[in-house]
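Here is a short tour to read alongside the model. Keep the viewer open and follow each stop as it comes.

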Amino acid sequence: MSEQNRTITERTHVELPTTFAVNESGLPEKVFKLRKQLYIKAKQEPRFRFYALYDRILRPDVLAAAWDQVAANDGAPGVDGVRVEDIESAPGGVERLMEELHDDLKRKHYRPQAVRLKLIPKANGGERPLGIPTVRDRVVQTAAKLVLEPIFEADFLPVSFGFRPGRSAHDALDAVQAGLKAGQNAVYDADLKGYFDTIPHHKLMACVERRIADGAVLKLIRQWLRAPILEEPTDRHQPPRKVKRRAGTPQGGVISPLLANLYLHWMDKRFHGPEGPAQRSGARLVRYADDFVILARYQGRCISDWIDATVEDWMGLKINREKTRIIKLSEPGASLDFLGYRLRYERDRFGRAKRFLNRVPSPKACAREREKLRGMIGAKQSVVPIPKLVARVNRQVRGWANYFEHGRSRPAFRALNWFLQQRMVRHLKRRSQRPFRPPKGVTWYTHLYKRLGLVQL
């Protein structure tokens, strides 16, 4: 969040981010005021430990606000197979679920169910494990997040951008560009190996306990961390297998991004401490969740040694040596891929000697989008009505373009337009036994873009 978008309250003289100054997300007024008060308290007293938060989590208005967010996000069902619409259509509906959760939390009978494991294909051919809690557990986690987030947000540093209210990947990219334009062209591009799955529970809880003293809240968090994972068997004749977790906070859980940010916050703190690279080398850290880069005028052993000592020895995490590298963007042909974009210096378009810093969609991001579109317009989609198929494709392409419109993206957009046009023509031709052709006198261009309404970037 830029400094221009911040306000200062006259009564407390605490600088409030817009998220806690203006109710842009439409929370109930009492819930919004609660979050604002918690942020101000945490900001005024950096060493204060909050000891009365559990009763706030189980408040009916907090649970109702949590349900609204879970319902808006929808999402896949957990191990019980229950979806949001199933709860809405069940006898008693949402009101019954709210009463049950409030009662279970008040009597401290609430126990989270196992987390359903879903493997998501990655661009490099591997798979990313995604843990999906039940809708019921997602509501309670969201309620806890509404209460805990303001407290930790008061501590987080400006170098952190991922999964934070009022901050985005584009803000992180702008910060990287600012560092490069300031002459910090030597970049340590880090990659953590399975970060979400390897966070040590005891060290993470120590971070939580520096701010939270409420035993009931700490117990809730431990239960979510220790909830077993239900793995789907490779053989359909075998039952699902429950796996106990000894480390990590699964991606897919509502509370997981906040906890993951909290743990790496202590790396941010050390980085800017007396012995950190910010003070000793004038380096700049930009972090988006577990993706981070360190920019400096020169990348010496002191920075890489500090990363090894802090991330691996002190925090107990693993650096992926194969993907971690040092890039000197001042060298010809060098480029940095970060958050889907490629940053590189290019020749001036008007022939001047000075190069300019360009930001374009990375080749991997373009390849991922093409692969996504192949699946959406493949042979298996031949039974989907054309208007419905076009609507799906348009949503996907518009979302991709909205993210990548920040930068010089026209060449990538033109290439994607051509790819999409060819895929749609091929799909239309093979949908029936007789090859499809546009009506007489109508070109493919007119048929696709004017009649079918296919999006064109």
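## Ground rules

Helices (H or I, at least four residues) and strands (E, at least two) are DSSP runs, numbered from the N terminus. This is a predicted model, in which local features need pLDDT of at least 70 and side-chain atom pairs count only at pLDDT 80 or more, while totals for chains, interfaces and linings use all residues. Residues are numbered from 1 along each chain as its sequence is written, and side-chain values use heavy atoms, with hydrogens and water left out.

## The chain as a whole

The chain holds 18 helices and 13 strands. Along the principal axes, the C-alpha atoms fill a box of roughly 75 × 65 × 50 Å.

Of the 457 residues, 49% are buried. Buried means under 20% relative accessible area, exposed over 50%, and partly exposed in between (1.4 Å probe, protein chains only). A contact means heavy atoms within 4.5 Å. Among contacts between residues at least 6 apart in sequence, 67% join residues at least 24 apart.

## Where α7 meets α11

Now find helix α7 (residues 135–153) and helix α11 (residues 215–226), which pack at an angle of about 130° with their axes 12 Å apart. That angle makes α7 oblique to α11. Axes here are lines fitted to C-alpha atoms, for helices over the stretch in contact, and angles run from 0 to 180 degrees between N-to-C directions. Under 35 degrees counts as roughly parallel, over 145 as roughly antiparallel, 65 to 115 as roughly perpendicular, and the rest as oblique.

On the α7 side, V140, Q141, A144 and L148 meet V217, I221 and W224 of α11. By class, this contact has six nonpolar, one polar and no charged residues. Nonpolar covers Ala, Val, Leu, Ile, Met, Phe, Trp, Tyr, Cys and Pro; charged covers Asp, Glu, Lys and Arg; the others, Gly among them, are polar.

E149 also lies in α7, and its relative accessibility of 6% means that E149 counts as buried. Beyond its neighbours within four places in sequence, E149 contacts R35, P165 and L258.

## Two residues with positive phi

Most residues other than glycine have a negative phi. F163, in the loop between α7 and α8 (169–181), has a positive phi of about 55°. At 47% relative accessibility, F163 counts as partly exposed.

L339 also has a positive phi, near 55°. L339 sits in the loop between β11 (335–338) and β12 (341–346), and at 17% relative accessibility L339 counts as buried.
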